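Have the sequence and the structure at hand while reading.

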Amino acid sequence: KKGIYTTVEDFQRDILFEVYQGEDQKASRNKLIGNFTLYGIQIARKGVPKVEVTFTIDEDGILEVTAKDVNTGADCAIKIENY
């Protein structure tokens with residue numbers, strides 16, 4: 001599954017991604033299973049940077065979450081096992 005996300009504050013330099021497991025619409029009622037920070041994003045007003053986030057689960061049940069800034073090419077990823 002892929003999605004495009006953006007910043008919530010003007011001139012952010014990085015974005016913290018928190019990955020939750022669960023079905024509740026409110027994150028705090030789900031289980032935090034990992035987090036990572038994407039550095040090197042486009043520095044601009046909130047809502048301008050575009051970051052593509054991809055969630056992939058392989059046949060062994062390992063979840064990989066990648067984030068890539070569409071404009072700068074900055075990227076990072078996390079692999080989560082035993083969630």
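A salt bridge is a side-chain nitrogen of Lys or Arg within 4 Å of a carboxyl oxygen of Asp or Glu. The model shown here is predicted. How many salt bridges does the structure hold? There are two.

| Salt bridge | N to O distance |
|---|---|
| Asp10 and Arg45 | 3.1 Å |
| Arg29 and Asp24 | 3.1 Å |

**Asp10 and Arg45**

Take the bridge between Asp10 and Arg45. This pair links distant parts of the chain, 35 residues apart. Asp10 lies in the loop between strand 1 (2-5) and strand 2 (14-21). Arg45 lies in the loop between strand 3 (31-39) and strand 4 (51-57). Asp10 counts as partly exposed because its relative accessibility is 35%.

**Arg29 and Asp24**

The other pair joins the side chains of Arg29 and Asp24. Is Arg29 exposed or buried? Its relative accessibility is 56%, so Arg29 counts as exposed. The cut-off for that class is over 50%. Asp24 has a relative accessibility of 34% and therefore counts as partly exposed.

**A negative patch**

Which residues form the negative surface patch? They are Asp58, Glu59, Asp60 and Glu81. One of them, Glu81, is placed in the segment after strand 6 (75-80). Why does Glu81 count as exposed? Its relative accessibility is 52%, and exposed means over 50%.

Conventions. Residues are numbered from 1 along each chain as its sequence is written. This is a predicted model: local features need pLDDT of at least 70, side-chain atom pairs count only at pLDDT 80 or more; totals for chains, interfaces and linings use all residues. Side-chain values use heavy atoms; hydrogens and water are left out. Patches are made of residues with over 30% relative accessible area and no salt bridge: like charges are joined within 9 Å, nonpolar side chains (Val, Leu, Ile, Met, Phe, Trp, Tyr) within 5 Å. Accessible areas come from the Shrake-Rupley method with a 1.4 Å probe; for residues, only the protein chains shown count as cover. Lys and Arg count as positive and Asp and Glu as negative; His and the chain ends are not counted. The place of a charge is taken as NZ of Lys, CZ of Arg, CG of Asp or CD of Glu. Helices (H or I, at least four residues) and strands (E, at least two) are DSSP runs, numbered from the N terminus. Buried means under 20% relative accessible area, exposed over 50%, partly exposed in between (1.4 Å probe, protein chains only).
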